[in-house]
Amino acid sequence: MPKPQKHVFICGQSRPPGHPRGSCAAKGGGDVLQAFWKQAQDRNLFDQFAVTSTGCLGPCDTGANVLIYPESVLYIGVTKDDVQSIIDEHLLGNQVIERLKAPESIW
Ligand code: FES
């Protein structure tokens, strides 16, 4: 397996209904994860970046949240419709997507 240049962590944390913190799972985190995997498979991009489902990243109320290393960029409010842009613009194009980037006050 080639060493990936970038690593995408997608919050898949779930919590019981009515929990005060909510969760990324309740905000489409699973759909975001599936969209990343589908694009990576359909476009044979597994040597470009790694995709990992993770637990809570911290700012639950802004989910679904996606963290990308090595840049340490946190994207918030991500939906499955944002995945192609994240792949094309950030993971392949090295351009941070400002409209999705968490403000400094969050992280
Ligand atoms: S549940 Fe996703 S950041 Fe906390």
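Predicted model: local features only at pLDDT ≥ 70, side-chain atom pairs only at ≥ 80, totals over all residues.

User: What elements does the protein chain have, and in what order do they run?

Analyst: The protein chain has two helices and four strands. From the N terminus on, they run β-α-β-β-β-α.

User: How do you know that E1 and E2 pair, and in which sense?

Analyst: Pairing takes at least two bridges between the strands. E1 and E2 have six, in the parallel sense. For instance, Lys6 has Phe49 as its bridge partner in E2, and His7 has Ala50.

User: What makes the crossover from E1 to E2 right-handed?

Analyst: The test is to point the strands away from you and follow the path from the first strand over the helix to the second: clockwise means right-handed. Here the chain goes from E1 through H1 to E2, and this β-α-β crossover comes out right-handed.

User: And what joins E1 to E3?

Analyst: Four bridges do, between residues 6-11 of E1 and residues 66-69 of E3, and these two strands run antiparallel. His7 turns up again here, standing opposite Tyr69 in E3.

User: Why is the pairing in the sheet called mixed?

Analyst: Strands of a sheet can pair either parallel or antiparallel. E1 and E2 pair in the parallel sense, while E1 and E3 run antiparallel. The open sheet, with the order E2-E1-E3-E4, therefore counts as having mixed pairing. Its edge strands are E2 (49-54) and E4 (73-75), each pairing on one side only. On average, neighbouring strands are turned by 20° against each other, direction ignored.

User: Where does H1 sit relative to the sheet?

Analyst: H1, residues 29-42, lies across E1, E2 and E3, and runs at about 150° to E1.

User: Which residues have the most contacts inside the largest nonpolar core?

Analyst: That core has 23 residues, and Ile10, Val32, Phe36 and Val66 have the most contacts inside it. E1, H1, E2, E3, E4 and helix H2 (83-92) each give two or more residues to this core, and H1 gives the most, with five.

User: What does Ile10 touch, leaving out residues up to four places away in sequence?

Analyst: Its contacts include Val32, Phe36 and Val66, along with Gly29, Leu33, Val51, Ser53 and Thr54.

User: How do you know that the radius of gyration agrees with a compact globule?

Analyst: A compact globule of 107 residues would have a radius of gyration near 13 Å, and the protein chain has 13 Å, so the two agree. The C-alpha atoms fill a box of roughly 40 × 25 × 25 Å along the principal axes.

User: What share of the residues counts as buried?

Analyst: Buried takes 20 or more other C-beta atoms within 10 Å of a residue's own, and 29% of the 107 residues count as buried.

Terms used: Residues numbered from 1 in each chain as written. Axes fitted to C-alpha atoms, helices over the stretch in contact; angles between N-to-C directions. Contact = placed C-beta atoms within 7 Å. Rg over C-alpha atoms; globule rule 2.2 N^0.38 Å. Buried ≥ 20, exposed ≤ 12 C-beta atoms within 10 Å, placed from the backbone. Core = buried A, V, L, I, M, F, W, Y, C linked by C-beta atoms within 7 Å.
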